[in-house]
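Here is a protein to explore piece by piece. Keep the sequence and the 3D view open while you read.

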Amino acid sequence: MGVVVALAASLCLVLLVFAGVVTCSPGQRNLRRSQSRSLCAQIIQPTGYPCSEHTVQTKDGYVLALQRVSAHAGGDIEVNPGPPIFLQHGLFQGGDVWFMNSIEQSLGFILADHGFDVWVGNVRGTDWSHGHVSFSEKDKEFWDWSWQELALYDLAEMITYVYSVTNSKIFYVGHSQGTIMALAAFSQSDIVEMVEAAALLCPISYLGHISNQFILRMVSMHLDQMLLAMGIHQVNFRSDVGVQLVESVCDGHVDCSILLSFITGTNCCFNKSRVDFYIEYEPHPSSSKNLHHLFQMIRKGSFARYDYGWWGNLKQYGYPQPPAFDIGCIPKSLPLWMGYGGNDDLADVMDVEHTLKELQSQPQLLYLDHYGHIDFVLSVTAGEDVYNNMIGFFKSCGKPSIS
Ligand SMILES: *[C@@H]1O[C@H](CO)[C@@H](O)[C@H](O)[C@H]1NC(C)=O
């Protein structure tokens, strides 16, 4: 029985990935929302929390959306802000992920209630970001990036913006790909200087020990290279065909939460009754090049820049091999906290231990045996299980104005 579900799920997922094909043909764009709507207007303001939209432009021309949220008591964010905290979502997710559960359960709202000045990042390619100064989403150049650019351009620009607006060092929270971005970016001295302390949910720098059979199968069938070879540059589960597939798959044929567990590991505390709401916003698009870079990490077990091949690397980097990101360069003085789970198929415990060995500092750790990858953002009990501990860590980093 389990095998049948597993096979059905993997077949569906491969179909979903291939459904990304359609977005490459002109004239199709996701159906969910008109461009004029915003994360603040759609999700946050209806709850009564003040929220403002901000934009930043990266060095390579992407225009990103940032949201700033505060607690509703007392109202005005700009007047008496608490310490700034920046939330960075993971792969195929957007800033909405921090606000998807109830106010009592969602990290974005919980942090605002604790008096933090909450800033929400959205990387290029997500539905909340605003495109590019010269390319459209139909251009292959628009999708010519991986997490390396998300770390060195998007994150650098967003952190710099928050730092300059708030005039304060920033607390950082990242999940999954948001931790890859952090570990890569924080190994660069100019970015880490703006960060007060960082909490990493499902920390990833090494992916050599991924044991998820489904992902390993996609890696061994070279799905990443197939997509690129076929001229598919965007991975979008929500293209016209993608939407129908997501909806039909999640409409009784295969339980969507089983499908999700299948990719991410079993999530203990996922609210199945909210799936309809989640899939109004998630998943967000990403690039095939990003998938390829992630698969390179799985194949090689390294935490390095994008591998263009021997000749391409020489041209890009001046070396035949892509230079590694040296997480040993992250300053010992940066307080770190990490939350990881025993059922997480993506941030494998052995890979987390590898990361810990290379860091100079000893992060504060929270290990939850029964937690899967998605639980760290969507568990209905994450407040008690994870966020209280994390907020305690931030408070211990000595910002007196947090209640
Ligand atoms: C799960 O989601 C449903 C629908 O939004 C909600 O009514 C219910 O309270 C949620 N359950 C928990 C445990 O939060």
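This is a predicted model: local features need pLDDT of at least 70, side-chain atom pairs count only at pLDDT 80 or more; totals for chains, interfaces and linings use all residues.

Leaving aside its neighbours within four places in sequence, which residues is Met-181 in contact with? They are Gln-88, Trp-147, Leu-150, Ala-151, Leu-155 and Gly-174. Find them in the view before moving on.

The pLDDT averages 87 over the protein, and 82% of the residues score at least 70. Two stretches fall below 50. One is residues 1-12, with 13 contacts in the model beyond near neighbours in sequence. The other is residues 14-34, where the pLDDT is also below 50 and such contacts number 40.

**The overall build**

The protein has 403 residues, and 50% of them are buried. Its secondary structure comprises 16 helices and ten strands. Take the contacts between residues at least 6 apart in sequence: 79% of these join residues at least 24 apart.

The largest nonpolar core holds 105 residues. Met-181 is among those with the most contacts inside it, along with Ile-85, Leu-87, Val-118 and Ala-185. Helix 4 (residues 147-166) gives the most to this core: ten residues.

Met-181 and Ala-185 are also two of the buried residues of helix 5. This helix spans residues 177-186, and ten of its ten residues are buried. What do they pack against? The partners are helix 4 and the elements in this table.

| Partner of helix 5 | Residues |
|---|---|
| Strand 3 | 84-88 |
| Strand 5 | 170-175 |
| Helix 6 | 189-192 |
| Strand 6 | 195-201 |

**Helix 14: two sides**

Now turn to helix 14 (residues 349-358). Here Asp-351, Val-352 and Thr-355 are buried. Seen down the helix axis, the buried residues of helix 14 fall within an arc of 105°, so they line one face. An α-helix has 3.6 residues a turn, so residues three or four places apart point the same way. The buried residues of helix 14 pack against strand 9 (336-341). On the other side of helix 14, Met-350, Glu-353 and Lys-357 are exposed.

Methods. Residues are numbered from 1 along each chain as its sequence is written. pLDDT is the predictor's confidence in each residue, from 0 to 100. Two residues are in contact if their C-beta atoms, placed from the backbone, lie within 7 Å. Helices (H or I, at least four residues) and strands (E, at least two) are DSSP runs, numbered from the N terminus. A residue is buried if 20 or more other C-beta atoms lie within 10 Å of its own, exposed if 12 or fewer, and partly exposed in between; C-beta atoms are placed from the backbone. A nonpolar core is a set of buried Ala, Val, Leu, Ile, Met, Phe, Trp, Tyr and Cys residues joined through C-beta atoms within 7 Å. The arc is that of the directions from the helix axis to the C-beta atoms.
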